[in-house]
There are 2 protein chains.
Amino acid sequence: RHKLYEVYTAAQSWLVLALIGMAIGAIAAVLNISTEWLADLKTGYCSTGFYLNEDFCCWGTEGDHCPAWQSWTGFGLLNYFVYVGFAAGFAALAAFLVKTYAPYAAGSGISEIKCIVAGFVMQGFLGPWTLLLKSIGLPLAIASGLSVGKEGPSVHYAVCAGHVIASLFGRYRNSKSKMREIYSACTAAGVAVAFGSPIGGVLFSLEEITSNFQMKTMWRSYFCALVATGVLAAFNPFRTGQLVMFQVKYDRDWHFFEIFFFSIIGVFGGMYGIFVSKWNLRVQSFRKRYLGKYAVKEATLLASLTALICYSNEFLRLDMTAAMENLFHECENGWEKYHDLCQPDRQGLTMLLSLLAACVIRTFLVIISYGCKVPAGIFVPSMAVGATFGRLIGNIVQYWQQARPDSIIFSQCVVDQPCITPGAYAFLGAAAALSGITNIFVTVVVIMFELTGALTYILPTMIVVGITKAISDRFGKGGIADQMIWFNGFPFIDNKEEHAFNAPVSKAMQKNAVYFTYDSITLKEVETLLESNPFQGYPVVESSKEDPPMLVGYIAKEEIVRLIAKFKALNRDIHSSELGQVQCYFGEIPESARQSSQAFIDMRPSINTCPLTVAPLAPLENVTSIFLQMGPKVVLVVKEGRLVGLISRKDVLKYQFITERQHNHHTRLQTQ
Amino acid sequence: RHKLYEVYTAAQSWLVLALIGMAIGAIAAVLNISTEWLADLKTGYCSTGFYLNEDFCCWGTEGDHCPAWQSWTGFGLLNYFVYVGFAAGFAALAAFLVKTYAPYAAGSGISEIKCIVAGFVMQGFLGPWTLLLKSIGLPLAIASGLSVGKEGPSVHYAVCAGHVIASLFGRYRNSKSKMREIYSACTAAGVAVAFGSPIGGVLFSLEEITSNFQMKTMWRSYFCALVATGVLAAFNPFRTGQLVMFQVKYDRDWHFFEIFFFSIIGVFGGMYGIFVSKWNLRVQSFRKRYLGKYAVKEATLLASLTALICYSNEFLRLDMTAAMENLFHECENGWEKYHDLCQPDRQGLTMLLSLLAACVIRTFLVIISYGCKVPAGIFVPSMAVGATFGRLIGNIVQYWQQARPDSIIFSQCVVDQPCITPGAYAFLGAAAALSGITNIFVTVVVIMFELTGALTYILPTMIVVGITKAISDRFGKGGIADQMIWFNGFPFIDNKEEHAFNAPVSKAMQKNAVYFTYDSITLKEVETLLESNPFQGYPVVESSKEDPPMLVGYIAKEEIVRLIAKFKALNRDIHSSELGQVQCYFGEIPESARQSSQAFIDMRPSINTCPLTVAPLAPLENVTSIFLQMGPKVVLVVKEGRLVGLISRKDVLKYQFITERQHNHHTRLQTQ
């Protein structure tokens with residue numbers, strides 16, 4: 001029977017993952033369809049069925065003419081105002097819903113999930129309300145045309161879905177570490193459905209979210225991402241048979257001399273990341289201080305502004321995914337869907353200026369939009385900026401090569417054949433900007449390939465992303481998710497940074513730890529102590545008479561609470577007035593107590609007698625690496641078997657914060 | 001100046017990595033070219049230049065006719081014997097060179113590298129001789145037609161190259177942990193150049209080699225793999241402009257009903273892995289016992305046998321890469337290079353039987369060939385077996401669909417259009433067999449895409465590999481590399497297994513640790529102690545009079561050796577007979593010693609006063625996770641500040657081994 005139970009529990013965990021994956025895939029499919037419908041609603045409606053979007057409405061009709069799709073009015077200008085009105089309305093509705101029902105549904109959510117996976121507790125952040133509101137708000141936010149993406153929010157609703165479903169099973173509800181494994185897997189599934197990139201999702205969960213890498217987690221992420229993507233593919237929301245929104249194929253190979261131009265794109269990616277995250281944080285700080293009460297108005301205004309500005313530029317007018325598809329395209333075989341971009345004779349200054357304007361305006365919009373109080377990601381907008389910049393460079397190089405085909409730089413080109421592929425520059429630009437803003441690298445390379453299948457460009461992509469990484473490492477302060485964590489003051493130790501404190505543990509530890517002793521203590525006293533000192537656990541020592549006292553072990557708060565609840569459940573006959581006087585023992589139970597008829601609580605079975613400890617003179621770096629690698633809540637500081645203090649993640653961060661401020665202060669004094 | 005030095009050291013590490021990457025890329029290019037030349041030499045020679053292989057010899061000639069390429073003789077049968085003779089000769093030469101000059105160059109090397117990266121020391125395994133002989137032996141072994149691949153050996157020569165180059169720099173020579181980072185990066189570069197798959201290489205290093213995942217390592221692997229692949233691409237050894245040997249493109253998408261057939265391939269992959277690793281280990285055990293002295297004869301015989309058997313089967317006659325390229329190919333556009341495979345009317349039983357025979361024979365050859373004393377990997381042969389099996393399934397399904405197009409199973413197919421793509425089945429088969437034998441998963445998916453670019457098949461590939469993984473986990477004993485580690489008895493703790501010992505540390509620890517005390521000790525005594533107890537480090541305690549003694553710290557052997565060498569270098573005037581009487585202090589130096597003119601050695605600066613410790617009653621699992629996460633050589637067992645023992649990786653493995661044997665013995669007794 002034991003074996004059967006084992007098989008059941010093993011199967012259960014896969015079952016739960018499969019359920020979660022299916023839910024995520026289904027949500028993604030519904031969101032994709034409703035986003036498209038809402039976005040098309042801005043331009044008109046389908047006369048054969050209001051629930052159809054433009055593509056489905058015009059299904060099977062030849063050419064551009066589609067009689068079933070009706071504009072809202074007969075006048076162009078009026079249509080434009082209707083368009084802006086819808087955009088503002090969607091944004092207002094999204095902001096209102098989020099503000100009223102689930103404030104946590106605002107923004108991207110990746111920073112918070114990083115902290116939650118690392119062990120931070122945030123009540124309600126993953127609840128069903130957040131799931132519902134994020135799922136309703138996201139299509140509205142995207143359809144409003146704001147410069148926001150769906151990838152961050154996808155991760156958030158995926159983790160919410162995982163949390164809600166896994167909570168139905170006692171095994172997960174009661175184990176935070178098991179729950180965290182589920183979260184990692186959901187992150188992978190969230191990215192997988194957002195980009196149609198299952199392997200990219202697995203790597204994202206690995207590179208960005210999980211601080212402690214484990215094979216088991218990786219395999220769970222793989223499974224969950226696979227199921228979610230499979231379900232999404234079965235729904236086939238784009239009716240293309242493909243998971244992804246755009247697929248490109250570059251027939252021409254790249255040339256070695258192009259590496260120089262690729263490098264420019266890489267440098268741009270790094271600088272874009274640094275610039276945008278810096279200014280976005282300033283905008284957020286402004287928003288936090290002055291705009292807290294005006295979330296709905298702010299979103300409405302932003303959406304109207306975006307719609308007004310973007311209409312004037314041919315590259316901004318399209319939604320970001322469609323714009324990227326056009327920018328990525330190789331100019332060949334009479335592909336003329338997107339006018340000027342592919343006609344060398346018209347590749348004059350006008351178009352380059354138009355691309356430049358699109359790049360600058362979109363950057364500005366990203367800075368002011370990301371962080372406004374609707375569900376909003378920054379991945380796709382950044383990619384769009386990068387693609388615009390890349391295409392700009394690509395077109396300049398192409399123009400140059402066509403003007404001077406016999407220049408020594410272009411000697412690798414075959415005469416009278418197209419040599420430069422500006423679409424590939426756009427592709428590389430998207431990769432660079434994405435890795436610049438997120439500071440993830442291997443994942444970006446994989447996602448770009450899964451998005452487009454442009455495998456011939458693997459070396460250029462790696463080079464560009466590598467250069468971006470070098471720039472970010474040298475001049476940047478980490479990805480925007482990490483900077484948001486810092487900005488919001490979450491207790492999170494980044495495993496990518498190298499910590500050099502040059503200080504012993506004793507400098508950062510809490511000296512007056514609250515502990516239990518071997519002396520008997522009443523239930524009332526225990527409960528008072530738990531309430532007045534809400535820590536996650538307490539050391540147990542022999543006696544408080546010695547200082548420092550001899551350490552015996554460590555007991556988690558939830559264990560104490562559990563034992564008390566169990567005792568109360570078993571001893572319902574004890575009058576509540578007497579209940580407070582029940583004795584609790586953390587050490588040897590005296591013979592007298594055993595003999596007496598009085599009930600008591602024996603806490604000893606729940607005491608961990610071998611907690612993680614460090615010496616007070618050990619370097620603080622050791623403690624951070626224990627936190628990162630072993631993941632405890634707290635580490636006891638012990639000298640010769642005696643408890644001299646304890647140290648938590650927060651203490652390390654507090655110490656880091658204080659020393660950095662002192663350091664800055666000191667430097668400022670010096671330079672004055 | 002301090003800043004300048006920092007910049008220099010930071011730049012140095014990238015410089016070293018770039019140098020290593022370039023070296024690996026260059027070696028790979030030379031090996032690719034020479035392998036092709038040697039392989040072609042079996043069939044003839046180029047009359048316009050003996051140093052040209054068939055492709056270059058016939059460069060620019062139209063059609064199949066190539067006058068410059070001469071067969072060895074005019075008679076077909078005689079040519080066949082020349083062919084077999086060359087094959088046997090190459091194998092004999094490879095085995096002879098390896099046996100005589102560098103025994104470590106035999107086999108794959110991945111198992112050993114896993115152990116080395118985990119901290120195991122193996123003198124000479126990564127030396128320049130091994131590098132040279134592996135590089136000479138590998139083309140010979142591949143060209144001999146043995147069923148061996150070049151991927152494992154590529155990893156080995158890459159790590160050798162890294163070791164040799166990094167050893168030129170003092171910073172790496174003196175730091176084993178820095179050296180291990182280099183090894184991880186080289187592993188990535190080795191896989192990258194072997195498969196033309198840089199991202200696959202990075203993931204391989206992560207999933208298979210590195211036990212302790214760190215962002216820094218990942219980024220170094222990325223850089224090294226990028227440089228190596230870039231150099232290889234610049235050499236362009238296949239003159240195709242592509243990095244990889246075959247590129248396929250599947251125009252047709254897959255259908256949901258095919259998932260059932262894909263599952264069969266996945267199950268095959270898992271079973272193949274289990275079967276082959278089991279029997280291969282038996283063959284290796286036989287080889288170790290009986291064939292140790294006959295390495296050259298064995299290799300010669302194997303190569304002759306392989307050449308003789310394989311000639312009879314159309315799929316085995318080609319080399320494995322070419323065979324796979326044909327098997328992967330989609331049958332369309334009059335592609336008839338490979339006769340029967342694409343002509344439905346001739347797709348009779350004959351061809352299916354031929355495929356089946358190829359699959360069975362190749363499996364047999366893999367079992368007996370892998371592990372023979374030439375440089376030999378198992379990746380490509382396994383992929384070839386898998387591809388053959390996959391194509392077999394694919395052709396059966398295609399045949400069935402064409403015979404009964406109106407069956408309900410095939411209702412998703414469009415009438416009168418090709419529906420099944422047997423080439424994709426071969427592709428999936430290769431992925432399944434590769435992941436079955438190696439037990440790596442995410443990496444295999446990425447490698448398969450970088451090899452072929454068949455992105456539309458990402459979901460089927462993930463499904464197939466997932467099923468293979470499930471089978472392997474349930475019934476298998478881990479990848480062949482891990483099983484070889486176990487077979488060879490290397491001290492390696494696998495972080496994929498979950499360790500449940502249910503025992504405290506005290507059960508497995510060494511109780512009588514050799515330590516130094518505060519009492520003064522002569523240099524001679526220290527040296528004798530180091531020689532007679534060759535550990536990697538020693539605890540330092542206050543006094544041996546107490547039992548257990550009070551722990552002070554831990555000192556590494558290399559630190560003691562370094563201090564002694566420094567002392568000797570500074571005090572050349574001391575006569576060698578007096579040298580042995582020099583006092584060494586691990587604790588307080590008495591005033592008398594300070595005052596006297598006698599020189600002494602102060603060991604205290606090198607004592608680590610905060611070594612990693614555990615309590616004797618802590619669960620053994622804690623220690624394994626400390627080994628895995630923090631990577632120390634040894635952990636001290638301390639109770640109330642006193643040293644009661646110490647525990648190394650070997651002790652954990654020894655304990656695991658003994659308990660497993662007892663358990664097996666016990667189970668056997670019960671069943672009797």
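## The nonpolar surface patch

The model discussed here is predicted. Two helices of chain A, helix 3 (76-101) and helix 5 (128-143), each contribute at least two residues to the nonpolar patch.

The class applies because the value falls between the limits of 20% for buried and 50% for exposed residues.

## The largest cavity

When the whole structure is searched, 12 cavities of 30 Å³ or more are found. The largest cavity holds about 170 Å³ of space. Its lining consists of 15 residues, and those nearest the centre of the cavity are A:V446, A:F449, B:V446, B:F449 and B:E450.

Both chains take part in this lining: helix 18 (442-452) of chain A and helix 18 (442-452) of chain B each supply at least two residues. Helix 18 of chain B gives the most to the lining of the largest cavity, namely four residues. In terms of residue class, the lining of the largest cavity comprises 11 nonpolar, two polar and two charged residues.

## The second largest cavity

The second largest cavity contains about 90 Å³ of space. It is lined by 13 residues, of which A:I110, A:Y370, A:F379, A:I480 and A:A481 are the closest to its centre. Helix 4 (110-117), helix 9 (198-209) and helix 20 (480-488) of chain A are the elements that give two or more residues to this lining.

The classes represented in the lining of the second largest cavity are seven nonpolar, five polar and one charged residues.

## A buried residue in chain B

Is B:V380 buried or exposed? This valine lies in helix 16 of chain B, which covers residues 379-403. With a relative accessible area of 11%, B:V380 is buried, because the limit for that class is under 20%.

B:V380 may also be considered together with B:A433. These two residues are 53 residues apart along the chain, and their C-alpha atoms are separated by 9.7 Å.

Key: Residues are numbered from 1 along each chain as its sequence is written. Chains are lettered from A and ligands numbered from 1 in the order in which they are written. This is a predicted model: local features need pLDDT of at least 70, side-chain atom pairs count only at pLDDT 80 or more; totals for chains, interfaces and linings use all residues. Side-chain values use heavy atoms; hydrogens and water are left out. On a 1 Å grid over the protein atoms alone, a cavity is a set of points where a 1.4 Å probe fits but cannot get out, and a pocket is an open set with protein on both sides within 12 Å along at least five of seven lines; lining residues have an atom within 4 Å of a point. Grid points are joined across faces, edges and corners, and a volume is the space filled by probe spheres set on the points. Ala, Val, Leu, Ile, Met, Phe, Trp, Tyr, Cys and Pro count as nonpolar, Asp, Glu, Lys and Arg as charged, and the others, Gly among them, as polar. Buried means under 20% relative accessible area, exposed over 50%, partly exposed in between (1.4 Å probe, protein chains only).
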